[in-house]
Amino acid sequence: MKVTTPFTITAADSEARTITGQIVAFDTAANASTGKVMFKSGSLNPTNVKLNLEHDSARPIGKTLSMEFAPDGKSIQATFKISKTTAGTDAIQEAIDGLRDGFSVEANAIEFGHNEDGTMVVSKADLVGVALTHNPAFDSARVSNVAATTAPEDSESSSDEAEAQPQQPTEGDVVENTVTEPTAAETVEASAQVQAASVAKPVNFIAARNPVVSPETFLMHKVAAMRGSEESRNFIAAATSSTDNPGLIPTRQLREVVNGLADDVRASIDSISNGTLPNAGLVFQIPKITQLPDVSVVDELDTVTPVVMESEFINVDVKSFKGNQVMSVELADRSDPLFFSELISNLSSQYARATNAYNSGQIITGATKTATGYGSDITAAELLAWVSAGAVSVYSNTFKFADAIVVSPAMWGRIMSFNVDGRPIYNALQPQNAAGNAQPRSLRGSVNGIDLWVDTALSGTGDNSMYVVNRDAYTWYESPRLELRTNFINDGSIGILLYGYGATATKIAAGAYAFAD
């Protein structure tokens, strides 16, 4: 049986991005939604787990930095390192402000019983996670100190009034929808609010909401019904009238969703410089030097001929990227909250793919292309010669070095196949045989000394299947966060629109060198 019990935070450090507090107190009853739960001394052992928001495992915000028994052995203290994401930054600030200042331990109870007053007593359990929650069980361990990254503005400011620095959002950060989590089949929870996750996988299903799913839960609610609980009596009635035998474990749908159709990889965007899109206009301009002043050797008393520095403006077009979903009101009303989480996540992943494909096309369009005659069956020696030529081309046109080589999945496969007497060149263990690193378990690596990125927007092994680029020659500008809008349609359906704005600035087109066979 899975048990979740809340405790409060004792410290939050926004500069170190850590949150510290007591995650469990032994031999002390804690309030939960179904009654009281008490962990006996030694029933849990410290272990490294992830920290999530409000018991939603799809929304991790940090992981264990340290966890240990208190000196008196009566509790477990933990410190969690918080991820540098918008959700992580928000969580730190909410802890500082006392809005979400509780820990809730998640444990699989192995050995347990019940006292006469109904308190569940756990004697052996495995710690599986910890949640940051707004509803702690105890008031004795509030936030005691905060170290913020912003300095006080005057002498009257104090350290406990400092704010955490905002973080630049990533493509996974979307508008969060707060919904109510139905009581899980075998879970005792003190807080039941979750927020929609941003991991891409669509799903349409209705969740089983009756907590009677096993002999243990049947017996627990049977006893509660005999003691006068109307709610438990209804659970028992519903279970016995269904096709599920209350004494057996019925077939259930897991909250794990299988999805082989979507990802959020943006290789072309991640391989170049990134910036924040201006907050107005569908076109913005970037000044560019087109003529440098002249400095040369001039003999005594000879005339110095001035050469005026000149510049022009690069016009950058702002594009909008949109995706939508239409659902019936019945689906909206009767679906598990996980449906909304998966819906938003998949729209976000499709947004990532669309923005990446656009940016990749802009780089290919502007890149230098010189016919090599190598053909689509390029060899290892020809790849080495082409990368070298690309590096020279990039430096000659930008006076900056090539930072990355971006390749198609097919070209990635060809690079991994290059070998000497059967020994792979690009994931070799012997230094004299190694020319980089390209492995089937990673879309990142290195080729001939520069970073390798695998981009699904590219294809094949022929023309434009790869390019070498200096990251500052192109810049991707993006709106601070995606927007989520909902609207009722005439037939009662609900339309959901997710959209954002982005722009690719081609600052020096020849800063990229594309393959031409």
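In the predicted model, the side chains of Thr504 and Asn359 form a polar contact at 2.8 Å. Thr504 is part of strand S28, which spans residues 494-506. Its relative accessibility is 7%, and Thr504 is therefore classed as buried, the cut-off for this class being under 20%. Beyond residues up to four places away in sequence, Thr504 touches Asn359 together with Val316, Tyr358, Gln362, Thr475 and Trp476. The C-alpha atoms of Thr504 and Thr355 lie 9.6 Å apart, although 149 residues separate the two in sequence.

The largest nonpolar core contains 31 residues. Within this core, the residues that touch the most other members are Ile23, Phe39, Leu44 and Phe80. Two or more core residues are contributed by each of the strands S2 (18-25), S4 (35-39), S5 (50-53), S6 (56-69), S7 (75-82), S8 (102-114) and S9 (120-133), and by helix H1 (86-97). Strand S9 provides the largest share, with six residues.

When residues up to four places away in sequence are set aside, Leu44 touches Val24, Phe26, Phe39, Phe69, Ile76, Val105, Ala107, Ala125, Asp126 and Leu127. Among these, Phe39 also belongs to the group of core residues that touch the most other members.

Terms used: Residues numbered from 1 in each chain as written. Predicted model: local features only at pLDDT ≥ 70, side-chain atom pairs only at ≥ 80, totals over all residues. Heavy atoms only, no water. Core = buried A, V, L, I, M, F, W, Y, C linked by side-chain atoms within 4.5 Å. Buried < 20%, exposed > 50% of the residue type's maximum accessible area, 1.4 Å probe, protein only. Helix = DSSP H or I, 4+ residues; strand = E, 2+ residues; numbered from the N terminus. Contact = heavy atoms within 4.5 Å. Polar contact = N/O pair within 3.5 Å; in protein donor to acceptor, adjacent residues only side chain to side chain.
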